[in-house]
Amino acid sequence: MTSLEPDDLHPDDLRPVDLSDDGPPILPDQTSDDTDLGWGGWREPDNDARLLEDRPPHW
């Protein structure tokens with residue numbers, strides 16, 4: 001095992017690194033250009049509630 005001499009240390013080696021995950025996400029789950037509105041389309045009313053009500057009873 002070798003020990004590090006003071007000449008071998010760099011300033012980044014002495015800097016504390018906080019590994020906690022308290023900050024905002026690095027990348028969002030969905031970007032603004034990944035939506036209809038981002039491509040210039042208008043958002044239409046959501047049809048999911050009607051489709052869930054109209055599903056067949058065997059589902």
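**View 1. Arg-50 counts as partly exposed because its relative accessibility is 43%.** Partly exposed lies between buried, under 20% relative accessible area, and exposed, over 50% (1.4 Å probe, protein chains only). The side chain of Arg-50 forms a salt bridge with that of Asp-54, at 2.9 Å from N to O. A salt bridge is a side-chain nitrogen of Lys or Arg within 4 Å of a carboxyl oxygen of Asp or Glu. The model is predicted: local features need pLDDT of at least 70, side-chain atom pairs count only at pLDDT 80 or more, and totals for chains, interfaces and linings use all residues. Residues are numbered from 1 along each chain as its sequence is written, and side-chain values use heavy atoms, with hydrogens and water left out.

**View 2. Asp-12 and Arg-15 are joined by a salt bridge between their side chains.** The N to O distance is 3.8 Å. Both Asp-12 and Arg-15 are exposed. The structure holds two salt bridges.

**View 3. The chain contains two helices and zero strands.** Helices (H or I, at least four residues) and strands (E, at least two) are DSSP runs, numbered from the N terminus. Of its 59 residues, 0% count as buried.
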